[in-house]
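Have a look at the model first.

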Amino acid sequence: MRQVHPWRVLVCACLLTFITGCSYVFSIFQLPATQLYGLSAAMGAYTLTNALAPLPMLLGGYFIDRGRAVWTATIGALCAALGWASAACASSPLQFVLGYGFIGGIGMGLVLTSALSNTLRFFPGRRGLISGIISCVNGASGIVMAPLAQRLLDSSDLRTTLLVFAGLYAVIALIVAFNYRAAPVEGVVASSVKSSPEPAAEPEPATEPVPTPARSVRPSLTTRQMLATPDFWLIFAIFIAGAFSGLMIVSNAAPIAAKMFHSSAASAALFVSLYACAGTVGRFCFGWLADHLGHARTLEVTFCCDAFGLLLLIAGGRGTLAGGIFLAGGLLALGLSYGGTIAIMPACVMDRFGPRWQGINYALAFTGFSVAAIFAPRLGAQIGAMYDGDYTRAFLYAILASATGLGCARILHLRTRRRRAQITRAA
């Protein structure tokens, strides 16, 4: 059996998540795609990519949980390449939607679950940090590839640009095929890396009687067992609440800056970049913090940060002289909190329900993200259009979602602390 090098696996996971991050440059493709195929096809392709995500994640999770992570990752990267290449060669709106949205969306879902669910099993004591690193690359990808996409569009056209990206995905698929490794079926590589012990603040739940001190490994929960626990539904609600304001802002950041804060087009673009950079930093910093403070308590911090950012936007949007400062501060806080929440969730799910069935378990929890994606961006856009560029009411709805997420995170923390106290008394 070939020796497994966890850090090589991490590098491959970062390459995989780099592919998913490239989907954030769709705003660069939107105008030329609209000119070629119409607005409905352009936005339909992007919406389909996000709506499909849980389905390939469930399928990929099934195979990852059975030791087929390499095949899942490779096929996912190839599907992403094939989808974007098909979109580049599309001769009709339907072909563009099927290529970019359907085939590409399947690839994106397979790649995302492969990068997270398999890699975290190699780092049992650093899951928050590793999840943060992988998610950080996901956010940084959009920052790096957006200028490249714009330069390619300026020098050629949409078809050529999509083909270049498809070629990049194919190269990544080959690298992953020869270097990626699947974690053992039980999902724990205790001897592969020298890592710190599991953070005491975040023990996994037990569906059996409280384990004795001699039992060092807690059992992983099957999907059915997980769905029967209150912790899963708390995490599901946290996922919805944590993604709500983030998706609302990321889809409306430029209009918010231009219409509500009267920024120029160039300034609005800079504010969008600030939000993306803050999201990248938040993924790493909050992922690291979760290993030391605990996932539930760190989520409490992210929701407080989220509400603070929304309050800054409300205050700055009411005609204050320092509106630009309020806008920058609000986007900074919102980017940090959104990136942090996305980074924490994979490790949170694995620590509570075990690594054995992480592929399917995380995919089910991720459906909360999809629920937020269906409502939050559209709600923000509709309120902005209804009130002539004033998004205050949308921000108030987002604050309500943050308060709900904070309450769920608090309950999750109290349940964790109570469970730890039970284990201590049993010892």
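On the surface, Leu59, Tyr62 and Phe63 make up a nonpolar patch with about 290 Å² of accessible area together. A patch here takes residues with over 30% relative accessible area and no salt bridge, joining nonpolar side chains (Val, Leu, Ile, Met, Phe, Trp, Tyr) within 5 Å and like charges within 9 Å. Areas come from the Shrake-Rupley method with a 1.4 Å probe, and for residues only the protein chains shown count as cover. Tyr62 sits in helix H4 (residues 54-64), and it counts as partly exposed because its relative accessibility is 38%. The scale is simple: buried is under 20% relative accessible area, exposed is over 50%, and partly exposed is in between (1.4 Å probe, protein chains only). Helices (H or I, at least four residues) and strands (E, at least two) are DSSP runs, numbered from the N terminus.

A word on the source: this is a predicted model, where local features need pLDDT of at least 70 and side-chain atom pairs count only at pLDDT 80 or more, while totals for chains, interfaces and linings use all residues. Residues are numbered from 1 along each chain as its sequence is written, and side-chain values use heavy atoms, leaving out hydrogens and water.

Now for the inside. The largest nonpolar core has 113 residues, and Phe29, Trp84, Phe96, Phe165, Tyr169, Ile249 and Phe395 touch the most other members. Helix H10 (residues 230-260) gives the largest share of this core, 15 residues. A core like this is a set of buried Ala, Val, Leu, Ile, Met, Phe, Trp, Tyr and Cys residues joined through side-chain atoms within 4.5 Å.

What about charged pairs? A salt bridge is a side-chain nitrogen of Lys or Arg within 4 Å of a carboxyl oxygen of Asp or Glu, and by this rule there are 3.

| Pair | N to O distance |
|---|---|
| Asp65 and Arg121 | 2.5 Å |
| Asp231 and Arg415 | 2.7 Å |
| Arg410 and Glu300 | 3.7 Å |

Asp231 is in helix H10 and Arg415 in helix H15, 184 residues apart, so this pair links distant parts of the chain. Asp231 is buried, with a relative accessible area of 1%. Both Asp65 and Arg121 are buried too. In the remaining pair, Arg410 counts as partly exposed at 36% relative accessibility, whereas Glu300 is buried at 14%.
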